[in-house]
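Subject: Structure for you to look at

Hi,

Here is the structure I promised to pass on. Please open it beside this email and follow along.

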Amino acid sequence: MKSNDICMFIQEDAIEKTLAASHSAETLAVRDILAKARQLQGLDLADVATLCSVSDPQLLSELFDTAMYAKETIYGKRLVIFAPLYISNLCSNECLYCAFRARNKAVKRRALTQDEVRIETLELIRQGHKRVLLVAGESYPKEGFDYVLKSIETVYDTAEGPGQIRRVNVNVAPLSTDEFKRLKAAKIGTYQLFQETYHRPTYKNVHLGGQKADYDWRVSCMDRAIEAGIDDVGIGVLFGLFDWRFELLALMQHIRHLEKTFGIGPHTISVPRLEPAAGSDIASQPPKPVSDIDFRKIVAILRLAVPYTGIIMSTRETPNMRRETFALGVSQISAGSRTNPGGYAEGKDVVDEAQFSLGDHRGLDEVIADIAGLGYVPSFCTGCYRLGRTGKDFMDLAKPGLIKEHCDPNALSTFLEYIQDYASPKTKEIGLALIERTLAAMDEEPRRRGQKLLDAVKSGNRDVFC
Ligand code: SAM
Ligand code: SF4
């Protein structure tokens, strides 16, 4: 798809009609949809619209129970952990909600040198991270897009003791097909990009200048990424800009378009909510704020609509909101994040260099102790990507039980690596007990695999997976 093509797969009329028709859904209709959702085969647009309209407390609790069932059945207690790595806050766009926008004088500009990227990476390695999400504004130092490619290489080339970053996911501005081919050659994991809002008039109102003002260039980006061979893509919406119900249905249209065209949907969906940002009025006063209860609904509905697609919860949210959404469907979380370039080495979020303010300021070890205490197994696994189980191969395997057969044992072994190499005594105690309990509750074959990997880690091996 070229830049000047008008993308037709987001059909606003169809979304509005579907939402209007689902306004006063009968209890029976909702229960039918929840029964269908329990089959774990996903939902269609009209089903999603009906679930969006649920407000009766009893039905809402049935919706949440069904989402918990799907999460538990498919993902068990595993939570994949990553950290964002902001390499630059230079930007030529004018997104009204973002502190990095070009004309915002409230932010000091900084693009990390390759030496600084290495130092940031070392900081993350020393905390115990294995997966990073590389993030940048849409303007690069003089070497242009090569700056991103060099930074990815620097991250992969940095190592210390047993530590290294094993998977670099990337969230940078939309690229041409040729640039995507170069990104693929740099061995990235997932390419991630959020449409922000699928609603054209709202999109126009909040993107005042630069390349990002072109809605079609952005919404067609995943087509170019997949055409270039990147088969793990992550999509998302910035909630708070427009009606969340509209955005969920448009997200579904985007997913179905990718499935129809390429035979694969997105690998992950992100659900950022607008957070305050230096120099942005609408970030503090979102035009269409999403309440906490609606936010939980969004996660639950997505879990049922696309049961095998990962849901990512960032540190924009508070520890409490994060905890609640783990049970409802979240499968990946960031931890110990900084959104200012150089923030890990500085040891703090510098507000006048950061993209937005965070809701969860805890360090990685504290987050790990917390989630392990709740019974969730933190996973630093990068096995699928390393073995080429991506895109359609991943989805084909996910359905009949990839997660139980491979992800669960790999989660235990990477968690034990973390415990042995980086954990505080408190986290170690909680973690070792959790590994023992989890292993004991596993089916025979994954337990055998898990035990083998754990034994390998105990005897000093690292980076073992199945
Ligand atoms: N510059 C690229 C872009 O815009 O796609 C990639 C990185 S951008 C720094 C990552 C994401 O941060 C954006 O897609 C947007 O959804 C999110 N973001 C921007 N401002 C935000 C805010 N005030 N609160 C929460 N998320 C925000
Ligand atoms: Fe730039 Fe991305 Fe921020 Fe927009 S959201 S101003 S493109 S960094």
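The shell around ligand 1 holds eleven nonpolar, three polar and seven charged residues. Keep in mind that this is a predicted model. In total, 21 residues surround ligand 1. The closest are Glu-196, Lys-212, Arg-218, Glu-275 and Gln-355.

Now look at the nitrogen atoms of ligand 1. Which parts of the protein do they meet? A backbone N or O atom of Tyr-97 lies 2.9 Å from a nitrogen atom of the ligand. Glu-275 also uses its backbone: a polar atom there is 2.9 Å from a nitrogen atom of ligand 1. With Arg-316 the contact comes from the side chain, where an N or O atom sits 2.9 Å from a ligand 1 nitrogen.

How much of ligand 1 does the protein bury? Taken alone, ligand 1 exposes 560 Å², and the protein buries 97% of that. The space that ligand 1 takes is the largest cavity.

Next, ligand 2. The space it takes is likewise the largest cavity. Around ligand 2 you will find Cys-91, Asn-93, Cys-95, Tyr-97, Cys-98, Phe-100, Arg-101, Gly-137, Lys-212 and Gln-355. By class, that shell has five nonpolar, three polar and two charged residues. Check Lys-212 and Gln-355 in particular.

Last, the whole protein. It has 21 helices and eleven strands. Along its principal axes, the C-alpha trace spans about 60 × 60 × 35 Å.

Best wishes

Methods
Residues numbered from 1 in each chain as written. Chains lettered and ligands numbered in written order. Predicted model: local features only at pLDDT ≥ 70, side-chain atom pairs only at ≥ 80, totals over all residues. Heavy atoms only, no water. Near = heavy atom within 4 Å. 1 Å grid on protein atoms, 1.4 Å probe; cavity = no way out; pocket = protein on both sides within 12 Å on 5 of 7 lines; lining within 4 Å. Sits in = over half its atoms within 2 Å of the grid points. Nonpolar A, V, L, I, M, F, W, Y, C, P; charged D, E, K, R; others polar. Polar contact = N/O pair within 3.5 Å; in protein donor to acceptor, adjacent residues only side chain to side chain. Areas by Shrake-Rupley, 256 points an atom, 1.4 Å probe, with all protein chains shown as cover. Helix = DSSP H or I, 4+ residues; strand = E, 2+ residues; numbered from the N terminus.
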